[in-house]
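Q: Please take a close look at helix packing in the model shown below. I would then welcome an account of selected other sites.

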Amino acid sequence: MSSRKGEGNPSVRVPCSFDLGVNTGCNSRCRYCSFWRQDHQDLAFELIRKFFRGIVALGGRGPTVNVVGGEPTMRDDLPLILAEGTGLGLNMVVTSNGYRLAENAYARQVVGAGISQVVLSLDGFEQTNDELRREGGYRLVRAALATIRDLAPGVNLGLLSVVSGRNISELPDFIEEMLEGGVVDNITLQALTNDLGSTPDTPWYLSNPLWPSNLDEVEEKLEAIARMSEISGGKLRTSPGQIRFWKHYFREPARVLQVRPCSIGDTFLGCNPQGNIVLCPFLPPVGSLVSDNVLDCFYSAAADQRRAEIAVCRSACNFTVNCRYELLSGAASFRGEKREHQSV
Ligand code: SF4
Ligand code: SF4
């Protein structure tokens, strides 16, 4: 019988998706993110290896590890990290701003590590993207996409775009060009939320210059994008329902402040660049790889406490807005009906 609290308890589900933050700091300057203001700090390779072994020990089928940062390509040893994961049978995904992957030699090492997917970031055509992210960024990412396609045609190429007031007007055309032209295999959209480095639940959108002001245009463009999603055969990965939900989000953001229970504890486990194990990126860690292993953290008393907090959390965090549509969209309320935890 296990000595770990919660181990063997059927209500504690082993996650299928793992985030590994390999560093802090970033070489971009995105207007909706403060990660680039952080000092650069790498998570020790030994702790990364410990994390991978912990995932394997947790069990579960086909675990996917999403390697993030900061900006993971700022590490020269990223290819070694990825190879360590694939060598243990883990499905490795790299999420990056893509700038350094425009370097052929570095991109060759990264895709040569056996990864299954690369997700790069573009928010629109050149002028818009570079205004939102970094001067010269668009050309670097387009070069990176072409390089990876050429080096490793079997690697799934994805794009991540943040929907904001600055890019909404051109987003349908941009998505069409990226998908129809076969530039990428798929696109995932995220709605603008509070900066990941800040605290959710403040009315941050009131003073954010990227928050859309022309809400009629937002509705029209989001409806056009939702229709594109319906016929995209999954290439536009964000579901039509989620895209239509954002019409309400942009019109009445305060209404998502109170929602039904969060599911993140069932699907997610993360290791941040400090080596802390988290069940939710916005709540305190449940342990540290410096002193514990993944199993001990996952089945700890702190993890039980965190699961209880998650079950009652009503935060309007990034996950709420971008990954929890099904919970929110019991959104009968958005069709004018009354909702259980209505906040406004
Ligand atoms: S959004 Fe990504 S690419 Fe942009 S500054 Fe933040 S971490 Fe860097
Ligand atoms: S809603 Fe979920 S993901 Fe967001 S802060 Fe609460 S527990 Fe974390």
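A: Helix axes are lines fitted to C-alpha atoms over the stretch in contact, and angles run from 0 to 180 degrees between N-to-C directions. Helices (H or I, at least four residues) and strands (E, at least two) are DSSP runs numbered from the N terminus. The model is predicted, so that local features need pLDDT of at least 70 and side-chain atom pairs pLDDT 80 or more, while totals for chains, interfaces and linings use all residues. Residues are numbered from 1 along each chain as its sequence is written, chains are lettered from A and ligands numbered from 1 in the order written, and side-chain values use heavy atoms, without hydrogens and water.

Helix α7 (residues 215–230) packs against helix α8 (residues 240–251) at an angle of about 170 degrees, and the two axes are 8 Å apart. This makes α7 roughly antiparallel to α8 (an angle over 145 degrees). On the α7 side, the contact (heavy atoms within 4.5 Å) is made by L215, D216, V218, E219, L222, E223, I225, A226, R227, S229 and E230. These residues meet P240, I243, R244, W246, K247, F250 and R251 of α8. By class, nine nonpolar, one polar and eight charged residues take part in the contact of α7 with α8. Here Ala, Val, Leu, Ile, Met, Phe, Trp, Tyr, Cys and Pro count as nonpolar, Asp, Glu, Lys and Arg as charged, and the others, Gly among them, as polar.

Another helix, α1 (residues 45–58), contains F45. With a relative accessibility of 22%, F45 is partly exposed (between 20% and 50% relative accessible area, 1.4 Å probe, protein chains only; buried is under 20%, exposed over 50%). Beyond its neighbours within four places in sequence, F45 contacts R75, D77, L80, I81 and E84. The C-alpha atoms of F45 and L78 are 9.8 Å apart, although 33 residues separate the two in sequence.

D123 occupies the loop between β6 (117–121) and α4 (126–132). D123 is buried, its relative accessible area being 0%. Its side chain makes a polar contact with the side chain of R133 at 3.0 Å (N or O atoms within 3.5 Å, one able to donate a hydrogen and the other to accept it; residues adjacent in sequence count only if both atoms are side-chain atoms). R133 is also one of the residues surrounding ligand 1 (a heavy atom within 4 Å), together with C26, S28, C30, C33, F35, W36 and N97. This shell has five nonpolar, two polar and one charged residues.

Key: Parallel < 35°, antiparallel > 145°, perpendicular 65-115°, else oblique.
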